[in-house]
Amino acid sequence: MGGELAWRVRSGVLEPLEDRFAEVLICSLQCYDAQVRRRLAPLLRRHRMALLTAPAVAALLLLFWSAAYGDAQYVLYKDASQPVEARVKDLLGRMTLAEKIGQMTQIERKVASPDVLRDNFIGSLLSGGGSVPRLQATAADWMSMITDYQKACLSTRLGIPMIYGIDAVHGHNNVYGATIFPHNVALGATRQVHSRLQIASPACVCSLGKDPALVKRIGAATALEVRATGIQYAFAPCIAVCRDPRWGRCYESYSEDHRIVQAMTELIPGLQGDVPANFTSGMPYVAGKNKVAACAKHFVGDGGTQNGINENNTIIDKQGLMSIHMPAYFDSLRKGVSTVMISYSSWNGVKMHANHNLITNFLKGRLNFKGFTISDWEGIDRITSPAGSNYSYSVQAGVLAGIDMIMVPNNYQSFISILTGHVNSGIVPLSRIDDAVTRILRVKFTMGLFENPMPDATLADQLGKQEHRDLAREAVRKSLVLLKNGKPGDAPLLPLPKKAAKILVAGSHADNLGYQCGGWTIEWQGDTGRITIGTTILDAVKAAVDPSTTVVFAENPDADFVKNGGFAYAIVAVGEHPYTETQGDSLNLTIPDPGPSTIQTVCGAVKCATVLISGRPVVIQPFLGAMDALVAAWLPGTEGQGVTDVLFGDYGFTGKLPRTWFKSVDQLPMNYGDAHYDPLFPLGYGLTTKGKGH
């Protein structure tokens, strides 16, 4: 080839190029990447000499150079400067059916592996309650696991990152050492509702928030702790309007009043960030790598099931559904919620997971929701009764109803195979698949997942950080509702004096962090004992009182011990044991033994303040007379000092009931405004005290 010439273009004119540079040119083309090699290698082998000597062939090479190099070097969907919709369209157009259905599939981490993710093009993973990398896993453990999964997803042909979801419903509650905030019912109590007149007034929502930023700040702290483990998606908030406390998920509801629930959708901009000016309602929005995608759930009417039975039938007319259960979704969409989870429950006999009219026509059509809908855990299985009895039909019905991402934690092979068959046979049109994948990709592009797919190790110190624990402590003290303070004719018992010779702390819930946190904590159903890092009520009492005060703890003392103990007063902490979902359904709503006997024994012998730990109103009227003071503390989480902050008067009681407190379960369901409304304590009730300088 000595002395022979190749050619190049300069300013549109072909010029001779020395042959040694031609060799470099050919080598660079051959070695640039696999896509270029596949497209150009045959041409380079057949026409190498001609390429070096013929200007015409050199020009042809330039065309190939432009095409091959351009496609390899510039791919529109990978360009962050391009509009999201253009990136979605470009990527969708490159995808095979298998890649599309993979994006629609969310699997549990327990059945995941790099090979499973790669081979099935899986679009999402999740941790169910208690599903963790190892016991007491650190932020680094979580990040390492998610990094391995994400690398597998990025190694696929198109490199679409997965999105990892988790039930961070009161803080990052699956993770050891995370800050556990009060459950939603408690946060509903932090809203100031001063009178029945305000409740009845449409203007009520304007006066609901003494501290409207509290729940938003909790959302922001939760987002940081979730990101501290490399996770990008929280299945929160639950915006159910619980109309019957017998429901086992009632503590996941902020209130029986939809206006309080609407106000609490401020958790969404906390999790996701504030939407920009001129934002279009219904579009998904996540502000960046320090925020997470949120999930409004469970669409719709989950809190209104008959007799409060979980996953049951909500019997209500359309006006009732729209006026009670739907309004919080309007607020959620205005705030850019990225995803909506569909409810297990039915509406007038129609399973929500198969309700095309509400999911596709109303949520996506009328409300213009552009994020993605997601099923609940094995939710499509339960379209049939018994669950899973006709899985092929369930896949068909769920996808055609408008569910975009299917939570198939374990049975992903069957789901993928059946849905593929439905598309190939025309049962499910490809347009429905394309709509689902468009929505999933839209969320992923919007949240910057393609640019920042990997965990950020610099966020690891956000997990359980003191600033977040201080916020949780603040939330606890603002959520406590003082229901009684002093027997008739007696002076108020609260606030309690910190300085006393000897005091008694009693009750099953006084020194039990697991009971204090409730369900959805470390394990799906919650647990008992020191299940994570936190401060029990007993710990908090010991830290709060004067050093000279002797604190005696007896979980269930006998009467003689109390009578002869010389106690100045007693704090009794009793309540419900942890539960979640159906396991929490209760027709009697009684306090488990020995709670009632502990109240009677202690309060019958010494002045006592009862701290009730529960996810809902429970039967207390038979014991109310024995108590000197009663505090509804709900499920306060890990920061027990929030309770003692108010018991001892450093802060005043300000919480107001987010739920009606019944006299008897025979009255249920009973909500404010009902004709038979005759409560023990009405919605919005709560005594107040003044704090010491706070």
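In this predicted model, W634 is buried, with a relative accessible area of 0%. The value falls under the 20% cut-off, which means that the residue counts as buried.

- W634 belongs to strand β19, which comprises residues 629-634.
- Although W634 is not a glycine, its phi is positive, at about 55°.
- N278 likewise is a residue other than glycine with a positive phi, here near 60°.
- N278 is located in the loop that runs between α13 (267-272) and β7 (295-299).
- With a relative accessible area of 80%, N278 is exposed, whereas W634 is buried.

**Cis peptide bonds**
- A cis peptide bond leads from D593 to P594, with omega near 5°.
- P594 is placed in the loop between β17 (570-575) and α24 (595-603).
- The peptide bond from L668 to P669 is also cis, and its omega is near -5°.
- P669 is found in the segment after α26 (641-647).

**The open sheet**
- An open sheet is formed by five strands with parallel pairing, in the order β6-β5-β4-β3-β13.
- Two bridges join β5 (residues 163-166) to β6 in the parallel sense.
- Opposite G165 stands Y233 in β6.

Technical notes
Residues are numbered from 1 along each chain as its sequence is written. This is a predicted model: local features need pLDDT of at least 70, side-chain atom pairs count only at pLDDT 80 or more; totals for chains, interfaces and linings use all residues. Side-chain values use heavy atoms; hydrogens and water are left out. Two strands pair if DSSP finds at least two bridges between them. Helices (H or I, at least four residues) and strands (E, at least two) are DSSP runs, numbered from the N terminus. Buried means under 20% relative accessible area, exposed over 50%, partly exposed in between (1.4 Å probe, protein chains only).
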